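Student: Please take me through one part of this model in detail: the site where the ligand is held. I would like the surroundings and the contacts first, and then a few residues elsewhere for context.

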Amino acid sequence: MADCIFCKIIKGDIPYTKIYEDKDTLAFLDNSPASLGHTLVIPKKHSETLDQMEEKDLKSLILTAQKIAKAISQISKGYNLIQNNGKVAGQIVSHVHFHLIPRNKKTELNWTPSQKFSEKEIKEVTNKIKTLLK
Ligand code: AMP
Ligand code: ZN
């Protein structure tokens, strides 16, 4: 999809912070995070919503989400897995994605405004998650 921002990320046309990639899926940091390490997991094949996905692509997607979750669970006390479908449900980017949001404090998820972290913090959390994936 030419005008899809996540398809542009997959093609490497815009910068992003990669966490993990395989044949069918890509995981990268959300650039307006709800917490440090907030990761998005997407299928490489464009689908707008979950219900429109092919079963095999959905299987790959959930397995990648679990792989990232296993790493995130080692750097946080808990995590949220969130997936929005349709504008009315809060979907902004029309390319299926799972949010994996590390949680350390039992407070409301604070998305707007997004949380701000230093480049150093972002680099450190990226390296930690990537190391834990291995
Ligand atoms: P949703 O509301 O579920 O569609 O969430 C879309 C998410 O994509 C938001 O949390 C955005 O911060 C995130 N996002 C949008 N553009 C980018 C980008 N270029 N790189 C990383 N994350 C993005
Ligand atoms: Zn797309």
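**The ligand 1 site**

Tutor: In this predicted model, ligand 1 is surrounded by 16 residues, and the closest of them are Asp 30, Gly 90, Ile 92, His 97 and His 99. By type, this shell divides into eight nonpolar residues, seven polar ones and one charged one. Helix H1, residues 5–11, and strand E2, residues 25–29, each supply at least two residues of the shell. As for its location, ligand 1 sits in the largest pocket.

Next, the polar contacts. A backbone N or O atom of Ile 92 lies 2.6 Å from an oxygen atom of ligand 1. At Val 93 a polar backbone atom is 2.9 Å from an oxygen atom of the ligand. His 99 takes part through its side chain, where an N or O atom is 2.8 Å from an oxygen atom of ligand 1. Taken alone, ligand 1 exposes 510 Å², and the protein buries 87% of that.

Strand E2, which supplies at least two residues of the shell, also holds Phe 28. Phe 28 counts as buried because its relative accessibility is 3%, and the cut-off for buried is under 20%. Lys 18 is 10 residues away from Phe 28 along the chain, yet the C-alpha atoms of the two are separated by 4.4 Å.

Two further residues give some context. Ser 76 is placed in the loop between helix H2, residues 55–72, and strand E4, residues 78–82. Its relative accessible area is 10%, so Ser 76 is buried. The side chain of Ser 76 reaches two backbone oxygens: that of Ile 72 at 2.9 Å and that of Gly 78 at 2.9 Å. Ile 72 belongs to the range given for helix H2, and Gly 78 to the range given for strand E4.

Thr 131 is found in helix H3, residues 119–133. Thr 131 counts as exposed because its relative accessibility is 52%, and exposed means over 50%. Within the range of helix H3, the side chain of Thr 131 reaches the backbone oxygen of Asn 127 at 2.7 Å. Thr 131 and Ala 71 are 60 residues apart along the chain, and their C-alpha atoms are separated by 8.3 Å.

How values were computed
Residues are numbered from 1 along each chain as its sequence is written. Chains are lettered from A and ligands numbered from 1 in the order in which they are written. This is a predicted model: local features need pLDDT of at least 70, side-chain atom pairs count only at pLDDT 80 or more; totals for chains, interfaces and linings use all residues. Side-chain values use heavy atoms; hydrogens and water are left out. A residue is near a molecule or strand if one of its heavy atoms lies within 4 Å of it. A polar contact is a pair of N or O atoms within 3.5 Å; within protein, one must be able to donate a hydrogen and the other to accept it, and residues adjacent in sequence count only if both atoms are side-chain atoms. Accessible areas come from the Shrake-Rupley method with a 1.4 Å probe; for residues, only the protein chains shown count as cover. On a 1 Å grid over the protein atoms alone, a cavity is a set of points where a 1.4 Å probe fits but cannot get out, and a pocket is an open set with protein on both sides within 12 Å along at least five of seven lines; lining residues have an atom within 4 Å of a point. A molecule sits in a cavity or pocket if more than half of its atoms lie within 2 Å of its grid points. Helices (H or I, at least four residues) and strands (E, at least two) are DSSP runs, numbered from the N terminus. Ala, Val, Leu, Ile, Met, Phe, Trp, Tyr, Cys and Pro count as nonpolar, Asp, Glu, Lys and Arg as charged, and the others, Gly among them, as polar. Buried means under 20% relative accessible area, exposed over 50%, partly exposed in between (1.4 Å probe, protein chains only).
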